[in-house]
Amino acid sequence: SWSYQAPGPPPALDAGENEIVWLEGCVVEPFEEYGELGRFVLELAPGARARISVPSRQDRPPPRLDYGEQVRIAARVRVPRNYGNPG
């Protein structure tokens, strides 16, 4: 026996397009470099995650963020794009 649960509604953000907000949570995917960007995933609340992108800079080493570390960061946020790919 199996069951299917339809995806919920898309996330709603209470922030303007270029507004800077504070995000606070637990690192659930550690920092990795992808070309010109570094990325990590922050769990804000159970079931609510944000992928954080940080531009690489020659004058500053990338942050060292380990799984489980608590982080507070000022960031601009946007709703994720799905590009019409179901699931």
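This is a predicted model: local features need pLDDT of at least 70, side-chain atom pairs count only at pLDDT 80 or more; totals for chains, interfaces and linings use all residues.
What share of the contacts in the chain with a separation of 6 or more comes from residues 24 or more positions apart? The share is 46%.

**The chain**

Start with the secondary structure. There are four strands and zero helices. Along the sequence, the pattern reads β-β-β-β. The chain has 87 residues, and 21% of them count as buried. Its accessible surface comes to about 7500 Å². Carbon and sulfur atoms hold 50% of that surface.

**The core**

Next, look inside. The largest nonpolar core has 13 residues. Five of them touch the most other members: L23, F40, L42, I52 and I73.

| Strand | Residue range |
|---|---|
| β1 | 20–34 |
| β2 | 37–45 |
| β3 | 48–55 |
| β4 | 70–76 |

Among these strands, β1 gives the most to the core, with four residues.

Now pick out I52. Which residues does I52 contact, leaving aside its neighbours within four places in sequence? They are L23, G38, R39, F40, L42 and I73. Compare that with the core: L23, F40, L42 and I73 are on the list of members that touch the most others, as is I52.

**The pocket**

Turn to the open space. A probe the size of a water molecule, rolled over the atoms, shows where empty space is left. The largest pocket has a volume of about 1200 Å³. Its lining counts 31 residues. Nearest the pocket's centre lie A50, R51, R76, V77 and R78. The elements β1, β2, β3 and β4 each give two or more residues to the lining. The largest share comes from β3, with eight residues.

What kinds of residue line this pocket? The lining divides into 22 nonpolar, seven charged and two polar residues.

S53 sits in strand β3.

Leaving aside neighbours within four places, S53 is in contact with L37, G38 and R39. G38 and R39 are contacts of I52 as well. In sequence, S53 and F31 are 22 residues apart. In space, their C-alpha atoms are 9.4 Å apart.

Methods: Residues are numbered from 1 along each chain as its sequence is written. Side-chain values use heavy atoms; hydrogens and water are left out. A nonpolar core is a set of buried Ala, Val, Leu, Ile, Met, Phe, Trp, Tyr and Cys residues joined through side-chain atoms within 4.5 Å. Buried means under 20% relative accessible area, exposed over 50%, partly exposed in between (1.4 Å probe, protein chains only). Contact means heavy atoms within 4.5 Å. On a 1 Å grid over the protein atoms alone, a cavity is a set of points where a 1.4 Å probe fits but cannot get out, and a pocket is an open set with protein on both sides within 12 Å along at least five of seven lines; lining residues have an atom within 4 Å of a point. Grid points are joined across faces, edges and corners, and a volume is the space filled by probe spheres set on the points. Ala, Val, Leu, Ile, Met, Phe, Trp, Tyr, Cys and Pro count as nonpolar, Asp, Glu, Lys and Arg as charged, and the others, Gly among them, as polar. Accessible areas come from the Shrake-Rupley method with a 1.4 Å probe; for residues, only the protein chains shown count as cover.
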